[in-house]
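This briefing walks through selected features of one protein model, grouped by topic for reading beside the coordinates. Please have the sequence and the structure open as you go through the points.

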Amino acid sequence: MANWYVKRGTQTAGPLTLERLKELAAQGKIQNTDQVRKGEEGSFQQAGQIPGLIPVRDSETWDEFEVNTQPQTQTTTPKKNNTALIVILAIFAGGGLLIIPILLALILPAVQQAREAARRSISKNNLKQIGLAMHNYHETHRVFPPGGIETTEGKPYHSWQTMILPFVEQAPLYNRIDFDHPWTDPANQSLFQQEIPQYLNPAIEEKVSPEGLGLSHYVGNKLLLKTNGRTQIRNILDGTSNTIMAVETGDNFKSWGDPTNIEDPTALIGGGKKTSFRGGNHILLSDGSVRFISENIDPAVLKALSTPAGGEVVGDF
């Protein structure tokens, strides 16, 4: 069965099954102007030109799994203000160069806030792409990937982030991995040295381990993504919108190929835990949505969000 791909602007989502493609179109999440391609090669064509794909009612939006980059900002040409120019020239003429440090002190915090907001947006989008990949994996295999694959002797083989590589536009890399050998095997090592953009938070400078392995700044929830597990959506009895799938972390990074890159979210979130952004962590919920939760979250609520079938009541968070 051929894979399908959807392209909007510079971003491409896929691979998708034909059924999933039609489902997204029926929900209004694919526009007439989106580009669609069948198969791994060939040219894209407008979705509206594919008979029977786009219903009469069109939608302008993506869902929570939308593959975004930083939102484009529209710039407008500021109106000329001759009065302001005259005042500035007068200040400089009167020895007003002393005002420059004051202006810098006022401008720099705003610049730093803008940069942090941009980094937050990218990290949030990374988690959205991971969520989309997890659900595409589930649609293909009828289960979510295991948190890690180990032999019966407990020897670690491969990670959940390795298993979803084809769904984060890394199919060529995935196809080069020898799954008959562990990720630490010399035959595989050069592959796991590569950096995967979707696994890297721009707020963190550390992208490669001392051993030269590509790191991940996101950790799977080991209560959901269990070692050698085969969790299905129907097993998440607490509800997909109330169960954490992955967490943005601030330290102790592991390689994206490491099968042990899973943890109980309660060990990563809360007071005293290091975060990449001030005040808390982004989390990926099992329905694909992304939330920013405070480091001061009620521990009982965090515990309830961490368990897929604990039966706890989740309050506001």
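This is a predicted model: local features need pLDDT of at least 70, side-chain atom pairs count only at pLDDT 80 or more; totals for chains, interfaces and linings use all residues.

- Strand 1 and strand 2 are paired in the antiparallel sense over four bridges, and in their hairpin, where two residues stand between the strands, Gly-9 adopts a positive phi near 65°.
- Strand 1 also pairs with strand 3, again in the antiparallel sense and over four bridges, with Lys-7 standing opposite Gln-35 of strand 3.
- Strand 3, which covers residues 35–38, pairs with strand 4 in the antiparallel sense over two bridges, and Val-36 finds its bridge partner in Gln-45 of strand 4.
- Taken together, four strands make an open sheet with antiparallel pairing, in the order 2-1-3-4.
- Strand 2 (11–16) and strand 4 (45–46) are at the edges with a single partner strand each, so one side of each has no neighbour in the sheet.
- Helix 1, made up of residues 18–26, lies across strand 1 (4–8), strand 2 and strand 3, and runs at about 130° to strand 2.

- The side chain of Gln-161 makes a polar contact with the side chain of Asn-261 at 3.1 Å, and beyond its neighbours within four places in sequence, Gln-161 is in contact with residues including Ile-130, Tyr-199, Tyr-218 and Trp-256.
- His-138, which lies in helix 3 (residues 99–141), is likewise buried, with a relative accessible area of 13%.
- Setting aside residues up to four places away in sequence, His-138 touches Val-143, Phe-144, Thr-231, Gln-232 and Ile-233.
- Of these, Ile-233 is 95 residues from His-138 in sequence, yet their C-alpha atoms are 8.2 Å apart in space.

**Salt bridges**

- The structure contains five salt bridges, and one of them joins Arg-8 to Asp-34, with the closest N and O atoms 2.9 Å apart.
- Because Arg-8 belongs to strand 1 and Asp-34 to the loop between helix 1 and strand 3, this pair ties together parts that are 26 residues apart in sequence.
- Arg-8 is partly exposed at a relative accessible area of 22%, whereas Asp-34 is buried at 2%.
- Glu-116 and Arg-278 meet through their side chains in a salt bridge of 2.8 Å, N to O, and this pair links distant parts of the chain, with Glu-116 in helix 3 and Arg-278 in the loop between strand 11 (262–263) and strand 12 (280–285), 162 residues apart.
- Glu-116 counts as buried at 15% relative accessibility, while Arg-278 counts as exposed at 62%.
- Lys-222 and Glu-263 also meet in a side-chain salt bridge, at 3.9 Å from N to O, and since Lys-222 lies in the loop between strand 8 (218–221) and strand 9 (244–248) while Glu-263 lies in strand 11, the pair ties together parts 41 residues apart in sequence.
- Lys-222 and Glu-263 are both partly exposed, with relative accessibilities of 37% for Lys-222 and 27% for Glu-263.
- Salt bridges with shared partners also join Glu-116, Arg-120 and Arg-278 into one network.

Methods:
Residues are numbered from 1 along each chain as its sequence is written. Side-chain values use heavy atoms; hydrogens and water are left out. Two strands pair if DSSP finds at least two bridges between them. Contact means heavy atoms within 4.5 Å. Axes are lines fitted to C-alpha atoms, for helices over the stretch in contact, and angles run from 0 to 180 degrees between N-to-C directions. Buried means under 20% relative accessible area, exposed over 50%, partly exposed in between (1.4 Å probe, protein chains only). A polar contact is a pair of N or O atoms within 3.5 Å; within protein, one must be able to donate a hydrogen and the other to accept it, and residues adjacent in sequence count only if both atoms are side-chain atoms. A salt bridge is a side-chain nitrogen of Lys or Arg within 4 Å of a carboxyl oxygen of Asp or Glu.
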